[in-house]
Amino acid sequence: MTGRPLPLRVAVPLAVAAGLALLVAFPPYGVWPLAPVGVALLAAATHRRRLRAGAGLGFLTGVALFAPLLAWTNLHTGYLPWVLLSLLQAGYLALLGAATAWVSPLVDRVRWSWPVLTGLLWVGQEALRDRTPFGGFPWGRLAFSQDTSPLLRLASLGGAPLVTFAAALLGGLLVTAAWHTWTTVRPTTLTDPTDTASTVDGADAAPATGSSARRWTLVAVPAALAVALTAGALLVPVAAAGSGATVTVAIVQGNVPRLGLDFNAQRQAVLNNHVDATLELAARVAAGQQDQPDLVVWPENSSDIDPLRNPTAGARISQAADTVRAPILVGAVLLGPGAGQVRNAGILWRPGTGPDMDQLYTKRHPVPFAEYVPLRDVARMVSKQVDLIRNDFVPGSTPGVVRVGPAVLGDVICFEVAYDAVVRDTVTGGAQLLVVQTNNATFDVAEARQQLAMVRLRAVEHGRPALMASTVGVSGFVAPDGRVSDATGFNTREVVVRQLRLDDGRTLATRLGWWPEVALAALAAAALVGAAVVRRRQRIMPG
């Protein structure tokens, strides 16, 4: 018997279902077990297919996942950016589908390799997508769907790449367990004579001729391993709290008058909202209703008026810092350094002395086509909306290590939380508390919750308390074990205060850095080469 792929009339719905299952695994739905299910469905749909068919099925999965996952990108900018970004991201899953089809001969030769190969290919795909083009776009990484899963604990060992590998490995175990059933129930209806991908003769014959015990082994063992891996992740130790000094931190979520792109036209109102909320906090402290904070954190874009150049804006921030008697980490847009350039920065504003220019972090990874426009002349031919971005944000060159006094902060701004190296560099630079300053006023609550899931992973990955401060929500604190506290609502004005215990230790993931991803991606490349060798031998084998 020659093994064949599932017929296209089955594979196409499976590919679409794979994307939808992956989608529902992410916030705001957060049904994390569906991530391995989605991985399994895509693996089954593409197994034994030709490369072009595998790529097409992967693309369908990508569209079903990314189009709704990234729907928040079209809320205020029109459909074109959303469509282009979704299709670009789906293209990487097309490459994954082709790669999955390519390694089919290895799977057929050693069926128990299927889970590991699935995990490796997912890590390889994400390693590429996270870096290309223009620095990549890691949104929708498999690891970011596991914020409430036992697998989240694995982040302390190998970061997001290891969590992705584990989730995809679970999917590989599921498809290994299910494939026998799919290919032996009504075999005459589950063959596709139009797809003649290279397979090993008799690959599925063993269950038909073997013993009942053999058939049940092919189903039960992978399923049992999937359960054991998930339960075993609970044994990975993570810190429930830091082991260092304690600090009291306040997050000020000032809100904006109106959601949407015109928050920039409301710059003075947004700044006033954050000043006024901080003054109200100071009044509660003076009345003994609230603990005195050691640090106040304002979100990204809390002062889009450059407070270093505008005396009125600077005076208002100084008023807030002096009244609350604590330094404020202000998210500000600063003009320069050159003409037509701006910086997205976090600057420490101290009571009595004002801005501390030695404790200023400039965003290192501006978002292409949102904060700067690469290939502007070419992009303009696609959409003249690129000219709405008149001034390009210039990147900073140093990690966001901000020394407050009682604490050393690891400051990252908005989407930077999705990038492994940007966050890790702050911890290796001495950060004891991770701070994510973000502005969700142009998006929605789904995007905010997706971002908070990333903060949870980073807290576990580096064993650090963390917080997210947003203009409109969701803001909140995250413990080193990933638990969220004092999460705010969306499109509300709120101030939350919490005492945090700092930490100076380093997890295994922090010490290893990018090496787990390098090793897993290298093994994925080796698997592709190995599949090429097997395919060549099959072609020259006398028949």
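Two strands pair if DSSP finds at least two bridges between them. Helices (H or I, at least four residues) and strands (E, at least two) are DSSP runs, numbered from the N terminus. This is a predicted model, in which local features need pLDDT of at least 70, side-chain atom pairs count only at pLDDT 80 or more, and totals for chains, interfaces and linings use all residues. Residues are numbered from 1 along each chain as its sequence is written, and side-chain values use heavy atoms, with hydrogens and water left out.

**View 1. An open sheet of six strands has mixed pairing.**
The strand order is β7-β8-β9-β10-β11-β12. β7 (401–403) and β12 form the edges, and each pairs on one side only. β11 and β12 run antiparallel and are joined by two bridges. Here F477 stands opposite S485, a residue of β12.

**View 2. W72 and F443 form an aromatic pair.**
Rings of Phe, Tyr and Trp (its six-membered ring) pair if their centres lie within 6.5 Å; planes under 30 degrees apart count as stacked, over 60 as edge-to-face and the rest as tilted. The count by this rule is eleven aromatic pairs. W72 and F443 are edge-to-face, at 4.9 Å centre to centre and with 75 degrees between the planes. W72 sits in the loop between α3 (51–69) and α4 (79–102), and F443 in the loop between β9 (433–438) and α14 (445–462), so the pair ties together parts that are 371 residues apart in sequence. Both W72 and F443 are buried (under 20% relative accessible area; exposed is over 50%, partly exposed in between, with a 1.4 Å probe and protein chains only). Ring pairs also link W72 and F443 into a cluster with F137, W139 and F415.

**View 3. F134 and F369 form another edge-to-face pair.**
Their ring centres are 5.7 Å apart and their planes stand at 80 degrees. F134 lies in the loop between α6 (114–129) and α7 (155–184), and F369 in the loop between β5 (354–362) and α12 (376–382). The pair therefore ties together parts that are 235 residues apart in sequence. F134 is partly exposed, at 35% relative accessible area. F369 is partly exposed too, at 41%.

**View 4. C414 and D486 have a positive phi.**
Most residues other than glycine have a negative phi, and most peptide bonds are trans. C414 is not a glycine, yet its phi is about 55 degrees. C414 lies in the loop between β8 (408–413) and α13 (420–428). At 5% relative accessibility, C414 is buried. D486, not a glycine either, has a phi of about 55 degrees. D486 lies in the loop between β12 (484–485) and β13 (494–501). At 32% relative accessibility, D486 is partly exposed.

**View 5. Two peptide bonds are cis.**
From P27 to P28 the bond is cis, with omega near 10 degrees. P28 is in the loop between α1 (8–25) and α2 (34–46). From G473 to V474 the bond is cis, with omega near 5 degrees. V474 is in the loop between β10 (466–470) and β11 (476–478).
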